[in-house]
Amino acid sequence: MAQVVSHNDHPTTTTGLDHRKMLMWAFLGSDCLFFGSLIATYLLYRGKSITGPYPHEVFNIPYTSISAFVLLMSSLTMVLALAAIQRGDQRGLKVWLLATALLGTIFLGGQYFEFTFFVEHNGLNLTNNLFGTTFFILTGFHGLHVTVGVIILLSFFVMAWRGRVSQTQHLNIELAGLYWHFVDIVWIVIFTVVYLVEAPNIIG
Amino acid sequence: MGAQIHTNKEGHPTPQKYVIIAAILAVITMAEVAIVYFNLATAFLITILIIMTTVKFSMVAMFFMHLKFDNKLFSYLFFGGVVLTIGVILALIAIFKSAGS
């Protein structure tokens, strides 16, 4: 059978879809289950801690809102990076990739500060109550995903800086973008389920 | 089935539209934060929060992740996982409730 090669230099597949993109979507669909199980665990043990500190004593919703806003805006810069490489704008690609990595790093810095504050000022850690265990595991794994995303973005930035990301290779940036947007939508859920429902008017 | 790999940018929003979508997402986030400080019934607040979170989730998936413009198979793969996840969460909650009663 003659093999037809597309503009993206990959052989035509039986579905007409790129296998790497299919694999990324399958991975993201399965990663939903990973975070779903952690969110379910957090919800199941919500309000079951027999000793403090309790969520409403430690959460600073305005502070976390800024972190959520930063991560949300990083999704914009990510999609602008993809739009840039799709039109062959190398400078735009580098600027928006760096901006996305920077916003991701700001988010991680905010999470590090939050965790440190909880441990040092509120005495909350992984083992002193159910809230601490479920909270740190859930948000910690999300932070780990963000860290992996930042490493991927910086790797692509270095490759772009060296001129090794061409317009025809935009799928690589698209795949990195899909992962990054997924990290963002997971935080959209965590922000509501973990933080906003602990607001004074709701827990009261 | 077309020979072309579905990674082209046809039909994708323009950068200006991406900025508008991000602005809408930012406004919804501000509304989410603001609404929890209003003295409203808890059930109502939680319902509103779930709706706003779902809208934000869908907007990012549809526009930034391009599910609205890409092949439907990608949507099935992703939203299949999302539906399964919601099912797992509800099942776990139901199991724990019945075990505790």
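1. Accessible areas come from the Shrake-Rupley method with a 1.4 Å probe, and for residues only the protein chains shown count as cover. On that basis chain B has an accessible surface of about 5600 Å², and 75% of it belongs to carbon and sulfur atoms. Chain A exposes about 8800 Å², with carbon and sulfur atoms supplying 68%.

2. A word on the basis of the values. This is a predicted model, in which local features need pLDDT of at least 70 and side-chain atom pairs count only at pLDDT 80 or more, while totals for chains, interfaces and linings use all residues; side-chain values use heavy atoms, with hydrogens and water left out. Residues are numbered from 1 along each chain as its sequence is written, and chains are lettered from A and ligands numbered from 1 in the order in which they are written.

3. Chain A is helical in its listed elements: 7 helices and 0 strands. (Helices, H or I, of at least four residues and strands, E, of at least two are DSSP runs, numbered from the N terminus.) The order from the N terminus is α-α-α-α-α-α-α. Along the principal axes, the C-alpha atoms of chain A fill a box of roughly 65 × 35 × 30 Å.

4. How much of chain A is buried? Of its 204 residues, 54% are buried. Buried means under 20% relative accessible area, exposed over 50%, and partly exposed in between (1.4 Å probe, protein chains only). Contact means heavy atoms within 4.5 Å. Among contacts in chain A between residues at least 6 apart in sequence, 79% join residues at least 24 apart.

5. Chain B has 3 helices and 0 strands. Its elements run α-α-α from the N terminus. Of its 101 residues, 36% count as buried. For contacts in chain B between residues at least 6 apart in sequence, the share joining residues at least 24 apart is 52%.

6. Now the interface. Chain A brings 55 residues to the contact and chain B brings 49. The area buried between them is about 4700 Å², and carbon and sulfur atoms give 78% of that. Buried area is the accessible area (1.4 Å probe) that two parts lose on being put together, summed over both.

7. Which residues form a salt bridge? B:Asp70 pairs with A:Lys21, with the closest N and O atoms 2.7 Å apart.

8. On the chain A side, four helices each supply at least two residues that touch chain B: H1 (19–44), H3 (61–86), H6 (170–195) and H7 (200–203). The residues on this side divide into 34 nonpolar, 16 polar and 5 charged. Ala, Val, Leu, Ile, Met, Phe, Trp, Tyr, Cys and Pro count as nonpolar, Asp, Glu, Lys and Arg as charged, and the others, Gly among them, as polar.

9. A:His142 sits in helix H5 (residues 130–161) of chain A. A:His142 counts as buried because its relative accessibility is 0%. Beyond residues up to four places away in sequence, A:His142 touches A:Phe35, A:Leu71, A:Phe107, A:Val183, A:Val186, A:Trp187 and A:Ile190.

10. A:Ile173 lies in helix H6 of chain A. Its relative accessibility is 0%, so A:Ile173 counts as buried. Leaving aside neighbours within four places in sequence, its contacts are A:Met78, A:Leu82, A:Ile85, A:Leu93, A:Leu97, A:Phe156 and A:Val165. The C-alpha atoms of A:Ile173 and A:Leu76 are separated by 14 Å, and the two residues are 97 residues apart along the chain.

Terms used:
Salt bridge = Lys/Arg side-chain N within 4 Å of Asp/Glu carboxyl O.
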